[in-house]
Amino acid sequence: MSLIADWRKSAYETSRTDYDQNLFWGNYFRVESSIYIKILAQFGTPVTGTVKELAKKFNTDSFIMTGFLDGINDSLKTPNPLDELTEDSEVNLDYDPEKLYYNMVANKADWLYDLPEWDGVLPVARRKELYREQKNSGTIRVEKKIGRNDPCPCGSGKKYKQCCLNK
């Protein structure tokens, strides 16, 4: 089985107890946060290497690093080929900061998009815009329905039922 298949099988395991599930994800989120702190602090410096090298660099193992790569892949300028991933695969963490922030908000990862290291990457005003954009992207706006006896929106001055409703 490939690294990514192993990660996904284990990460989304449904036979774990709630306690074990919370333990697994709590550990993962702690490691994930520490990796993001480091890569955000080095913004502008490309981070590349094999899965094994990056795992060592970020004080984790290849399994957790694979999960991290799975999570960040949609935010990379050039996504890594996750299905072909091995410990010796060359990968990059060259992320698009706006896309990364937007995706963190979309995933409700406040422990990541609230990191103080974002201050050196994106201005606060831009982060607020991205936050609003993402939150509004899922909002459905229902326009007010035109009533039969309301003035017609075409501007004729007639009631809607006597004008455009019958066309």
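## The largest pocket and the cysteines

The largest pocket of this predicted model holds about 400 Å³ of space. Here a pocket is an open set of points on a 1 Å grid over the protein atoms alone, where a 1.4 Å probe fits, with protein on both sides within 12 Å along at least five of seven lines; lining residues have an atom within 4 Å of a point. There are 19 lining residues, and Y28, E32, D70, G71 and N107 sit closest to the pocket's centre. By class, the lining has eleven nonpolar, five polar and three charged residues.

As for helices, α2 (18–41), α4 (62–72), α5 (97–106) and α6 (110–113) each give the lining at least two residues. The largest share comes from α2, with five residues.

Now the cysteines. Count disulfides as pairs of cysteine sulfur atoms within 2.5 Å, and you get zero.

C152 is buried, at 6% relative accessibility, while C154 is partly exposed at 46%. (Buried is under 20% relative accessible area, exposed over 50%, partly exposed in between, with a 1.4 Å probe and protein chains only.)

A note on the numbers: residues count from 1 along each chain as its sequence is written, and side-chain values use heavy atoms, with hydrogens and water left out. Local features need pLDDT of at least 70 and side-chain atom pairs count only at pLDDT 80 or more, while totals for chains, interfaces and linings use all residues.

Conventions. Points joined across faces, edges and corners; volume = space filled by probe spheres on them. Helix = DSSP H or I, 4+ residues; strand = E, 2+ residues; numbered from the N terminus. Nonpolar A, V, L, I, M, F, W, Y, C, P; charged D, E, K, R; others polar.
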